[in-house]
Amino acid sequence: MSLDGLDAESVFNAPCFGYTYDDLISLPGHHTQGAGEIDLAANFSRNVVINSPIVAAPMNSVCEGKMALAIALAGGIGVIHCNCSAEYQAEQVLHVKRYANGFIMDPHTLSQSHTVEDFDRIKQKYGTNTVLITEGGVMGSKLAGIVTSRDVELVVDRKTKLGEIMVPKDKMKFAVEPISLSEAMEKLRQKKVAKLPILNEGDELVAMVSRADMKKGRTNPLAAQDANKQVLVAAAVVPRKTERERVNMLIEAGADVIVLNASQGDSEAQLEFLKWMKHMHSTVDVICGNVVTPRQAKPLLDAGADGLRVGMGSSSLYSSKEACVVGRPQASAVYHVAKFARQYGVPVIADGGVQHSSHISMALTVGASTVMCGSLLAGTTEAPGECFWHDGQKLKLYTGLGGLQMEGNSQSPGGAACAVVERGPAGQLVESLLESVKRDVRRLGANNVTMLHGDLHSAGLRFQVRAAACHGNLLASPIA
C-alpha cells in the first residue's frame, strides 16, 4: 500500500518554496494512548528541561516576573525582557526564584540582641513571618531560637530584645545534616511544623525547609523546577560588551538560562558575547538567535550555543516592508535549523508566527522543542501594563518589533504596537493551549515530543500542502 502525503524531506526541500504553519497540514497516525497521557516535556536548552513547550517572549509588554512565574508554574518558562535597568531585571528574576524553594540557603536571621523593630522591618520588606535567631545573627553561626509573628504581635514595646521572646532551640524541632531534600520534607511533615531548620554537627544553621514550599509543590505538579525545587526562569540580554555586568547580576539573582536578544543572530558581536559567556559562566546555558538557516546557526553551534531561537520576518508585529525583504517562512525555518541543530544535540525554539494552539502543534511537528509566544500571552492578567476599554472591549497594549509610526513622521524605538483583547489569567490560557496540543500530538500517533521528532526524521510523519483557497483573505497578505 502506498503512503499518503509527503515526508518532511520532500516537502521542505522543494526548490523555491517556503512554508508557514498555515500552509501545511499533518496526516494522522495510529495512536495508542489517551490525550491525558501525552508528555509534552522538552528541552528548553541543552541542559534545562521544562514540562510544557510554552515560552513567554522577552518583550516589555509580555514577560516580567509575574508572567515568568505563571508560565513556570504551568510547566513552561518565561524569559524576562531587558528593556529596563539591570537592577530591575534582576529583581524580577529574584521574584520568580523566591516563590518556592527546596533547601532555603539564605533564610532571614537576626541575633538575640536585635529588637522587635528589626523583625518588623524584615516582615515589611520581604513579607516573611518567621526569623531564625542565631548567635551572630547570620547563617553559619549557632542556632539560638526562632521568632514568628505570633511571638511579636502582642508585644507593646517594639524595642524589646528578640532574645526575651524567642522560642529557644531546646523547644524547637530541627534536623541535622547529612539529609536529602525528600528526607527533610518528610521530617517536616512528621513533626507538623511550618519551618524546619537544618543544622550541622556543630549546631550551626546551614539551611531551612518550609511547609509552604511543600504545599506549593502539590498545588502545581507541572511546575518547571531546578534541582533545588525552585521554579525555572530565563532572562534576556542584548549581546554587547556594555551588558556584561547585567549578565553577572542576573546569574547572581538566580537566572537559569541567558537568552541573547537580537533579531539577527549571525553576527560577530553575538559570537564574541557567547564565547565570553562560555568562558566566564560555563555552567549557565546560553540561547542564541535569531536564525532561520543552518548557515546562520553553524557558527553559533560551533561556539557552544545551548539553544537557538528560530524566526525572522514572522512576528505578528513586524513592519510589512521588513517582513517582505528579510526572513523566511516559519515552518521551513524551524525544520531546516532544527534538523541541523539535531546533529549537535541542541534544541530550537520556534519564535514568531504563533497565534493559536494549532501553530504550537505544527511548530513541534516540524522540529521545534519549545515555542515562544508573544501576542498570545500579551493580553493575560500577568502581562505588564494596564487594561483599558475601547468600544466595549477590555484591551491591553502589545508592543513588538518593527517601526511604530508616530506624529511628525517619526518612529518610536520600541517597535510597532497594537491592542489585544484581555484574556484572563495566563495559567488558565496555557492549560487550555496544552490540552489542544496534546490532542494534536495524540492524533499524530506520538506519545511525547521526542517520539514526534523521531517520526519526523524517519519519514513516519506525512504532510500535505494546503490549497491556496483555504487561506481566504490571507492570500493577498504579505508573510508575517
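In strand 16, G307 is the bridge partner of I287. Strand 15 (residues 285-291) and strand 16 run parallel and are joined by four bridges; two strands are said to pair if DSSP finds at least two bridges between them. Helices (H or I, at least four residues) and strands (E, at least two) are DSSP runs, numbered from the N terminus. The model is predicted, so that local features need pLDDT of at least 70 and side-chain atom pairs count only at pLDDT 80 or more, while totals for chains, interfaces and linings use all residues. Residues are numbered from 1 along each chain as its sequence is written, and side-chain values use heavy atoms, with hydrogens and water left out.

Strand 16 covers residues 307-310, with G307 and R309 pointing one way and L308 and V310 the other way. In a regular strand the side chains alternate between the two faces of the sheet. All of these residues in strand 16 are buried, where buried means under 20% relative accessible area, exposed means over 50%, and partly exposed lies in between (1.4 Å probe, protein chains only). E9 is partly exposed, with a relative accessible area of 34%.

Two open sheets may be followed next. Strands of a sheet pair through backbone hydrogen bonds, either parallel or antiparallel. Strand 9 pairs with strand 8 (residues 143-148) in the antiparallel sense over two bridges, and P168 in strand 9 stands opposite G145.

Another open sheet consists of three strands in the order 10-11-12, and its pairing is mixed. Strand 10 (175-176) and strand 12 (205-210) stand at the edges with a single partner strand each, so one side of each is left without a neighbour in the sheet. Strand 10 runs parallel to strand 11 (residues 195-199), and two bridges join them. Within this part of the sheet, V176 stands opposite L199 in strand 11.

The discussion now turns to charged side chains. Side chains of opposite charge can pair when their charged atoms come close. A salt bridge is taken as a side-chain nitrogen of Lys or Arg within 4 Å of a carboxyl oxygen of Asp or Glu, and a search of the whole structure finds 14 of them. One of these salt bridges joins D256 and K97, with the closest N and O atoms 2.9 Å apart. D256 lies in the loop between helix 9 and strand 14 (257-260) and K97 lies in helix 3, so the pair ties together parts that are 159 residues apart in sequence. D256 counts as buried at 17% relative accessibility, and K97 is buried with a relative accessible area of 4%.

Other salt bridges lie within a helix. R121 and D118 meet through their side chains at 2.2 Å, N to O. Both residues lie in helix 4 (residues 116-126), three residues apart, about one turn of the helix. D118 is buried, with a relative accessible area of 17%. In helix 7 (residues 181-191), E186 and R189 are likewise three residues apart, a separation of about one helical turn. Their salt bridge brings the closest N and O atoms to 2.5 Å. E186 is partly exposed at 32% relative accessible area, and R189 is partly exposed at 44%. Elsewhere, salt bridges that share partners join R46, K278 and D306 into one network.

Charge also gathers on the surface, where E87, E91, E245 and E252 form a patch of negative charge. The elements that give two or more residues to this patch are helix 3 (86-97) and helix 9 (244-253). Patches are made of residues with over 30% relative accessible area and no salt bridge, like charges being joined within 9 Å and nonpolar side chains (Val, Leu, Ile, Met, Phe, Trp, Tyr) within 5 Å. E91 is found in helix 3 and, at 48% relative accessibility, counts as partly exposed.

Finally, H390 lies in strand 19 (residues 387-390). H390 counts as partly exposed at 45% relative accessibility. The C-alpha atoms of H390 and G34 are separated by 42 Å, and the two residues are 356 residues apart along the chain.

Technical notes. Areas by Shrake-Rupley, 256 points an atom, 1.4 Å probe, with all protein chains shown as cover. Lys, Arg positive; Asp, Glu negative; His and termini not counted. Charge placed at Lys NZ, Arg CZ, Asp CG, Glu CD.
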